[in-house]
Amino acid sequence: MLKKSLTALALAALAFGAQAADVLKVAATSVPHAEILNFVKPQLKADGVDLEVKEFSDYVQPNAAVEDKQLDANFFQHKPYLDSYNKDRKSSLVEVPNGKVHVEPFGAYSSKIKNIKDLKDGATIAIPNDPSNGGRALILLAKQGLIELKDAKSLTPTPLDVVKNPKKLKFKELEAPLLPRALGDVDVALINTNYAIEAKLNPTKDALFIEGADSPYTNIVAARADRANDPIIAKLMKALHSAEVKKFIQEKYKGAVVPAF
């Protein structure tokens, strides 16, 4: 009888231990964010956290799911995009403490030309249709001397802010995930690196031109303000900032994704 009681107590203790693990639900786009999160799962498991990665293919739902308390945090965006999203949607998501993880240098791609010097007058340029990434695309074009912007310091210019356009370039604004598919229909597309990688484009080899290491668009982990300082999220950031993650990013993405810690 005593043996049976001890066995029951042992099983109960194991069940309690399994229940005691903290569950952290994080939204992410698949490449590279979900890949990086899945890489740290074992480390977090050992630290008492069960990480559940929920993958999304767009830039709106990952924030909406966190704002609506369906998920705890997200990892897919940079701070300028988060600021723009909060302003447009009247939400109040924040970057978590020490939330910076990596930079994905933004690049220009084409299936019609091999060198930007061959870009013809009147060419059509596809850019993301959200304010922060569309602005990022225009800033990169300005740095190439293709256009001039009204305010060189603004991070969110629009095509209306182009004051000099000597090649008479035409801008086509599209949802960011659709940009790789548009390569056959436009002369050049400015594509976020996560979508470029998904489309089997190599940013370091295939881009006509690409951002430098000084990019201000560092990808971050974001959450609601009431969860930002949660010890469980702090454990996530500790794992994401490990030497193992830095090595994983450097070896897997070979310069297409750059650690920012």
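These are my notebook entries on a predicted model of one protein.

**Ground rules.** I number residues from 1 along each chain as its sequence is written, and I leave out hydrogens and water, using heavy atoms for side-chain values. Because the model is predicted, local features need pLDDT of at least 70 and side-chain atom pairs count only at pLDDT 80 or more, while totals for chains, interfaces and linings use all residues.

**Confidence.** I checked pLDDT (the predictor's confidence in each residue, from 0 to 100) first. The mean is 93, and 92% of the residues reach 70 or more. Over residues 5-9 the pLDDT is below 50, and beyond near neighbours in sequence I find zero contacts for this stretch. Contact here means heavy atoms within 4.5 Å.

I took helices (H or I, at least four residues) and strands (E, at least two) as DSSP runs, numbered from the N terminus. Two strands pair if DSSP finds at least two bridges between them.

I looked up strand 3 next. Strand 1 and strand 3 run parallel, joined by three bridges. Val 26 has Ala 73 of strand 3 as its bridge partner. Strand 3 and strand 12 run antiparallel, with five bridges. There Asn 74 stands opposite Ala 222 of strand 12. Six of the six residues of strand 3 are buried, so the rest of the structure largely encloses this strand. Buried means under 20% relative accessible area, exposed over 50%, and partly exposed in between (1.4 Å probe, protein chains only).

At the other end, strand 4 and strand 13 pair antiparallel over two bridges, and His 102 stands opposite Pro 259 in strand 13.

**Cores.** A nonpolar core is a set of buried Ala, Val, Leu, Ile, Met, Phe, Trp, Tyr and Cys residues joined through side-chain atoms within 4.5 Å. Which residues of the largest core touch the most other members? They are Leu 37, Val 221 and Leu 240, out of 31 residues. Elements giving two or more residues to this core include strand 1 (22-29), helix 2 (30-46) and helix 8 (231-240). Leu 37 touches, among them, Val 26, Phe 75 and Leu 240, not counting residues up to four places away in sequence. A second, separate core has 23 residues, including Leu 138 and Phe 209.

**Helix 9.** Its buried residues are Val 245, Phe 248, Ile 249 and Tyr 253. They fall within an arc of 95° seen down the axis of helix 9, so they line one face. The arc is that of the directions from the helix axis to the C-beta atoms. These residues pack against helix 2, strand 4, helix 6 (193-198), helix 8 and strand 13. Just after helix 9, Lys 254 takes a positive phi of about 50°.

Strand 6 (124-128) pairs parallel with strand 9 over five bridges. Ile 127 stands opposite Glu 173 in strand 9.
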